[in-house]
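The following note is intended to accompany the coordinates.

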Amino acid sequence: MSTGFNDDQVQFQEVVGRFLADKSPPSAVRTLMDSESGYDQDVWRQLSGEVGLAGTHLPETYGGFGFGPVELGIVSREMGRYLYCGPYFASAVMASYALLNAAAEDHKQRLLPEMAAGTTIAALVLDNLSDVALVGQQVRAQGEVLSGVARTVVDAHVADVLIVAAGTNAGVALYEVAPKDVEIVVQRALDPTRKLASVRFSDTPARALCAAGEAQLPLLWDQMCVALANEMVGGADHLFTTTIDYMKMRVQFGRTIGSFQALKHRCADLLLELELAKAMAEEASFYLASGEGDAFAANTAKAMASDAYMSVARQAIQLRGGIGFTWEEDTHLWFKRAKASEVFLGTSNWHREQMIQRMEADHVAA
């Protein structure tokens, strides 16, 4: 399996990077994270309508570009690098993958083109964001009526439509719900650049999008984790690069601190951990695209990205000394994203356990 980017993909990464560097500088991130909506609507329209990023991985049949997980990973990496504030992960990744995997064809034709164009923002409601096996226990469906609460939903407060994974006696199914029919309360989050809300259903009318038991949650979880892993290595790469730049500039005892041998060794260790996580995230993207490789690649990628991001984030603050702890220094913005992402969609320990279980299952099957 080839896991290197071709020339078109490298060029695509450069285009996405230039766009986000212009539209998502730290000053804009600080402004948006304190705003009620948490994103800039004009930038969202440009991102979706002009650049076409919301439909990167969607088939052309549904208004997308017809690329796939590799190109989505490239977009996610650049969004992590520039800490983009907006509903991209909620709508373009989580909700669109859920629909693409499991929704009936007529619902795909109705919802996905508008999501690809950015004219409709969707939020995927999962009542558990730590363990895929626990989804559907808190939000339940009786016929086409939903009850229960999902306490942590990404960007639900700006969604035009909610895609809900609800449990039934026959398994988990997907439902479409209008935001006006539910109670949405924005939550105070550790990472203010990614808005979270609780969503409460009280005999809420819903439209079934797929049959019970056909939500394909394990596949969806892998897809979301791979996109998140790529986002995390992008953020870690930004922190590492800016830390090296700072060390080349900061003078202590008459020398730049980057010239100290002990700090060079520390940075070398960080670079090794980061590059391994980056390679694993790329491999997981190629696995989703081709089906070649290890089935547990998504678990490995999320676990390694979580550990690498936190390692780099901690050292980015420490190596900056006292200034690294101040509000004015931008490092804490990426540190908070790293800490929140570490547990989002499962901790590194949970993913390693899943990896072991999958390896054992493959061994038994063989």
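Is L319 buried or exposed? Point 1 takes up this residue, after two remarks on conventions. The model is predicted, so local features need pLDDT of at least 70 and side-chain atom pairs count only at pLDDT 80 or more, while totals for chains, interfaces and linings use all residues. Residues are numbered from 1 along each chain as its sequence is written, and side-chain values use heavy atoms, with hydrogens and water left out.

1. L319 is buried, because its relative accessible area is 7% (buried means under 20%, exposed over 50%, partly exposed in between, with a 1.4 Å probe and protein chains only). L319 sits in the loop between helix 9 (297-318) and helix 10 (331-343); helices are DSSP runs of H or I with at least four residues, strands are runs of E with at least two, and both are numbered from the N terminus. Apart from neighbours within four places in sequence, L319 is in contact with T243, Y246, M247, I257, L263, R266 and C267 (contact means heavy atoms within 4.5 Å). The C-alpha atoms of L319 and M247 are 7.6 Å apart, although 72 residues separate the two along the chain.

2. A103 counts as buried because its relative accessibility is 6%. Neighbours within four places aside, its contacts are A98, K108, L209 and C210. A103 and C210 are 107 residues apart along the chain, yet their C-alpha atoms are separated by 5.0 Å.

3. The largest nonpolar core holds 120 residues, and Y88, L162 and I163 have the most contacts inside it. Helix 7 (residues 217-249) supplies the largest share of this core, 16 residues. Such a core is a set of buried Ala, Val, Leu, Ile, Met, Phe, Trp, Tyr and Cys residues joined through side-chain atoms within 4.5 Å. Y88 touches W44, L47, L53, A54, T56, L72, V75, M79 and V93, residues up to four places away not being counted.

4. For the chain as a whole, the secondary structure comprises eleven helices and ten strands. Buried residues account for 55% of the 366 residues. Of the contacts between residues at least 6 apart in sequence, 77% join residues at least 24 apart.

5. The radius of gyration is 21 Å, which agrees with the value near 21 Å for a compact globule of 366 residues; it is taken over C-alpha atoms, and the globule rule is 2.2 Å times the number of residues to the power 0.38. Along the principal axes, the C-alpha atoms fill a box of roughly 75 × 55 × 35 Å.
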